[in-house]
Amino acid sequence: MGIHRLNHAVLYVSDLERSVAFYRDVLGFRAIPMTPDGFRGAAFLQAPGSTNDHDLGLFEIGRAAGRSTAGRATVGLYHLAWEVDTLDELAVTAQRLAAAGALAGSSDHGTTKSLYGKDPDGLEFEIVWLVPADLLDDAALTARKRIGRLDLDRERQRYGGQTRGGVGISVPA
């Protein structure tokens, strides 16, 4: 089975309106009118610049729902990772997540530069920029074996803030 990309993710949330507002206002998703007639408690969203039918589905299970214990007390999904095109876009996203109190961390994995966020239900996600294939060097490849501190300003100086990431890896060269 050849996988080309993640088509969409579906999350259970406690408060649909609050979750839609978070993904819309903080990450720029837009609601897609595709909820089946007569069906309540669901929303479908598309990421900015996406040509996908929808990238995220949200299903409300009620405000009394407990937080996920996946990874702490149960098995389950840790996080999803969404890829951005430029380091400038990653930096703007870091500012937006921080302003919303949703930035959970960041890391430098050598070939990827990552932010980690949490939505209003505490579900974690990653926003990542991939070093383009033609810019990979021994230092970046070796650094995949560690988790380093992300210095976005240094990475923007090194690779350029507008350099399109993932070229030759996620995006054809």
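Student: How many salt bridges does the rule find across the interface of domain 1 and domain 2?
Tutor: This is a predicted model, and in it the protein is divided into domain 1, residues 7-58, and domain 2, residues 78-157. A salt bridge requires a side-chain nitrogen of Lys or Arg within 4 Å of a carboxyl oxygen of Asp or Glu. Across the interface of these two domains, the number of salt bridges found by that rule is one.

Student: What distance separates the closest N and O atoms of arginine 18 and aspartate 121?
Tutor: Arginine 18 forms a salt bridge with aspartate 121, for which the cut-off is 4 Å. The closest N and O atoms of this pair are apart by 2.9 Å.

Student: Which element gives the most residues to the side of domain 1 that touches domain 2?
Tutor: Strand S1 (9-13) and helix H1 (16-25) each supply at least two residues of that side of domain 1. With five residues, the element that gives the most is H1.

Student: How many residues of the side of domain 1 that touches domain 2 are nonpolar?
Tutor: On the domain 1 side, 15 residues are in contact with 13 residues of domain 2. Sorted by class, the residues of the domain 1 side include two polar and three charged ones, while the nonpolar count is 10.

Student: Which residues of domain 1 lose the most area to domain 2?
Tutor: The two domains bury about 1,100 Å² between them, with 68% of it on carbon and sulfur atoms. In domain 1, three residues together account for 42% of what that side buries, and those losing the most area are Phe22, Val26 and Leu27.

Technical notes:
Residues numbered from 1 in each chain as written. Predicted model: local features only at pLDDT ≥ 70, side-chain atom pairs only at ≥ 80, totals over all residues. Heavy atoms only, no water. Domains from an automatic or database assignment. Contact = heavy atoms within 4.5 Å. Buried area = accessible area lost by both parts, 1.4 Å probe. Helix = DSSP H or I, 4+ residues; strand = E, 2+ residues; numbered from the N terminus. Nonpolar A, V, L, I, M, F, W, Y, C, P; charged D, E, K, R; others polar.
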